[in-house]
Amino acid sequence: MIDVTIENFEAEVVAASMQVPVLVDFWAPWCGPCKTLGPILEKLEVAYQGRFKLVKIDSDQEQQLAGMFGIRSIPTCILMIGGRPVDGFMGAQPEGKLREFLDKHLPSEGELAAEAEADEAHQLLEAGDTQAALQKLADALAADPANDDARFDYVRLLIATGGYEEAGALLAEPLKRIPQPTRFEALNQWLQCMLFVQHDERGNWEFAQFDALIAQNRRDFDARFGKARALAAEGQWTACMDELLEIVMRDKEWNGQAARKLYVGILELLTPPKPKKQDAIPGKSSGGIELLGKGSAEQDEATQLVSSYRRKLSMALN
């Protein structure tokens, strides 16, 4: 438990909540219910073993902070995640209710273990140790089989390193969901491109061989699609999408919209990942506390590329 003032609020609450959820307890020395709630919160902080951080703010001494959060009565608790308030409650609560509140928002022990393994995997990838990274991602998924982030990263790395059979097995479950998660369908599209190169006789063709067929018949969509898959297998994403656009502009429905589906899958793979700690959506918490604010992000080069090709597809479909 840490006492927070306006001087250390940014470091102890906002910055800290980017790494671990922070529960902010607004209280005052004269408040009877505060004296009941405080010890229970401190007990839970210990019991949850680092799954959240507890800070206390004296609302009498720190009226500026109380005003920022619109505190009308005490005790009031606000849960901060990713630098934003996500939920809260007013009044003293029994331990059971507090555990329900925390468990609704905090990651489980398995999720924390998976996240730690995944973070190590990313560090290993940056260091060039792909095999060790694969093992860490496998461990992350084993620790938390429901962790779609770990599953996505693991399957993506498996495809990139030729582990097609295992990648396909790991994609089977999410691809059965309704609706299908877009990012897993994107991985499946990429996997099918890799399998095309591996198993189809055209997989070893020079691109000039595809071009020769296309020159004879610009509506030879099989040739165009084969070339697009080969380009995707080599990571030539923009060239692949350019070829797919040629199909979409001539026949949107060809082969069950195969060209559009692969194009959309590539866009998904090229889209920069969102930060792990998401900004809260403005609105009201389940505890009735106003949650205000909105985040903004600057587009980087990859985002601009994706936006450009989204517009191209939209124009081709209209």
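This is a predicted model: local features need pLDDT of at least 70, side-chain atom pairs count only at pLDDT 80 or more; totals for chains, interfaces and linings use all residues.

1. Arg250 is partly exposed, with a relative accessible area of 28% (buried means under 20% relative accessible area, exposed over 50%, partly exposed in between; 1.4 Å probe, protein chains only). Its partner in a salt bridge is Glu246, at 2.5 Å from N to O (a salt bridge is a side-chain nitrogen of Lys or Arg within 4 Å of a carboxyl oxygen of Asp or Glu). Glu246 is partly exposed as well, at 23%.

2. Residues are numbered from 1 along each chain as its sequence is written, and side-chain values use heavy atoms, without hydrogens and water.

3. The structure holds 15 salt bridges. One of them joins Glu243 and Arg224, with the closest N and O atoms 2.5 Å apart. Because Glu243 lies in α12 (237–250) and Arg224 in α11 (221–233), the pair ties together parts that are 19 residues apart in sequence. Glu243 is buried at 9% relative accessibility, and Arg224 is buried at 3%. Both belong to a network of salt bridges that also links Asp211 and Lys227.

4. Glu173 and Arg177 form another salt bridge, their closest N and O atoms being 2.8 Å apart. Glu173 is partly exposed at 38%, and Arg177 is partly exposed at 26%.

5. Which side chain of opposite charge is nearest to Glu62? It is Lys56, 14 Å away; Glu62 is buried yet has no salt bridge (Lys and Arg count as positive, Asp and Glu as negative; His and the chain ends are not counted). Glu62 lies in the loop between β3 (53–58) and α3 (63–68). Beyond its neighbours within four places in sequence, Glu62 is in contact with Val4, Thr5, Ile6 and Ile57 (contact means heavy atoms within 4.5 Å).

6. The lining of the largest cavity has eight nonpolar, two polar and no charged residues (Ala, Val, Leu, Ile, Met, Phe, Trp, Tyr, Cys and Pro count as nonpolar, Asp, Glu, Lys and Arg as charged, the others, Gly among them, as polar). Lining residues have an atom within 4 Å of a cavity point, a cavity being a set of points on a 1 Å grid over the protein atoms alone where a 1.4 Å probe fits but cannot get out. Among them are Trp190, Trp237 and Leu262.

Definitions and conventions: On a 1 Å grid over the protein atoms alone, a cavity is a set of points where a 1.4 Å probe fits but cannot get out, and a pocket is an open set with protein on both sides within 12 Å along at least five of seven lines; lining residues have an atom within 4 Å of a point. Helices (H or I, at least four residues) and strands (E, at least two) are DSSP runs, numbered from the N terminus.
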